[in-house]
Amino acid sequence: MIAKRMYLMFLGVLLLLGHSAKSQELLPVLYDSTVVNHQLSVNSSLFYHSTSLSNELSNKIIFGGDISDELSKDVFDEHNEYNRIGGGAKFRIAYKAAGQVFKSKPNWGWMIEASNEIHASSDYSSDIVGLALLGNASYLGETVTFSNSSAEFVQFLSLGAGIHDRKTKNFISLNVVLPQNYVQLFVNKGSASFSEDGSNVDLRVQGELMEAISSPYFKGAGGAVNFDFNIPFGIQEAFNGIIKFTGRNIGAYHLINSKFQEVDATISYSGFSIDDFTSETGIASFKDTLGVLESESSSTRLLPGFIQVGKVASVHSTKKLQSTFGVRMYTNVIYRPMVYLGLHYQPRGNFSFGTQGSFGGYGNFRLGLYANYSGDKMMIGLGTEDLLGALLKSQYGQSGLIRLAWKF
């Protein structure tokens, strides 16, 4: 009978993608129209978010711990027919200078930036989790499906330069993208039928695994655009402010060489052991039985581009309370449009605080909290987009963000 630890390996891969993995932008960059000659900024963030996978289970899979039968059943019961998980990590540094680019535009200067980013996402059926947590004993005499499941992982460096407006804080930069790792798995059709005594399995698989395999460091090259555009609006005195259009990694990259493993097979197994699937010779034999077709070729992929449109808070406002709201998207098919709504509190002095609720993305509802310090020479922002996830094991994600900026 198939051991349930075999399927936990697959679930662990999904979680490692989420835990190791593009970052979010809800922690406000306060709008400040003060003209600055030079500015160095650093942004760093990490998050993962899921529709159904609780922090209690994911923490135990990643950091170790016993997974009880009760926890396994509770987590499985939380899953829908199809589920999402995604995450990312980012480190970005940017320098904006006062050097005038055009004589007719005295506030336009030049800028450079660099970043290292990871993004991972997956959608999967509840049956995969059921097999992982409950074992195939729960499915004897039944058929489970894992059709239309997918996973993607990408890690890349980007280096760019552009122009910025020292007063409006608008900017646009062109970036060279250097992918370091890329893996994609897609299962178009997949099912497993178990006999009543568990001794036979009928397996149906149609899918593809792709992996970048060129030079050890950079797997290819591409290009992307980053931008911010701040547009003032004023419907009435009681409701005015700044709408910010943000774009990050809007572009694509070309992988020099990728390995494709394709399978389209229907097979039956009987009298097998777990070693048949875990040993090196067993895996090779299993691939031969499935009739896996291997090939190599170049390929082009879209970056996990980030787009956000929303109202931001302004440091020049005379109001202690300001609203923030908007919508965001990533350019992949798993991410759902996320809407958010928040309040920014700015008392007298250099400190400000805020909170926001959001819905969508790789999961459902989240509640965030942040704090900012804005001085004459330095700005510091700290926050989380998943306050409940930091406090409760029953939630479905975690996140942390930090922003630093020096003006000189």
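Biologist: Why does K244 count as buried?

Modeller: K244 has 12% relative accessibility. Buried means under 20% relative accessible area, exposed over 50%, and partly exposed in between (1.4 Å probe, protein chains only). At 12%, K244 therefore counts as buried. This is a predicted model, in which local features need pLDDT of at least 70 and side-chain atom pairs count only at pLDDT 80 or more, while totals for chains, interfaces and linings use all residues. Residues are numbered from 1 along each chain as its sequence is written, and side-chain values use heavy atoms, with hydrogens and water left out.

Biologist: Where is K244, and what does its side chain contact?

Modeller: K244 sits in strand β9 (residues 239-270). Strands (E, at least two residues) and helices (H or I, at least four) are DSSP runs, numbered from the N terminus. The K244 side chain makes a polar contact with the side chain of N230, at 3.0 Å. A polar contact is a pair of N or O atoms within 3.5 Å; within protein, one must be able to donate a hydrogen and the other to accept it, and residues adjacent in sequence count only if both atoms are side-chain atoms.

Biologist: Why is F353 called partly exposed?

Modeller: F353 has 38% relative accessibility, so it counts as partly exposed. F353 lies in strand β14.

Biologist: How do you know that the buried residues of α3 line one face?

Modeller: In helix α3 (residues 69-78), L71, S72 and V75 are buried. Seen down the axis of α3, they fall within an arc of 100°, so they line one face of the helix. The arc is that of the directions from the helix axis to the C-beta atoms. D69 and E70, on the other side of α3, are exposed.

Biologist: And what puts the buried residues of α2 on the same side?

Modeller: Helix α2 (residues 55-63) has N55, L57 and S58 buried. Their arc around the axis is only 160°, which puts them on the same side of α2. Just after α2, G64 takes a positive phi of about 100°.

Biologist: What makes β1 and β17 a pair?

Modeller: Two strands pair if DSSP finds at least two bridges between them. Strand β1 (residues 39-50) and β17 have eleven, in the antiparallel sense. F47 stands opposite S399 in β17.

Biologist: How many bridges join β16 to β17?

Modeller: Six bridges join strand β16 (residues 378-384) to β17, and the two run antiparallel. G383 stands opposite L401 in β17.
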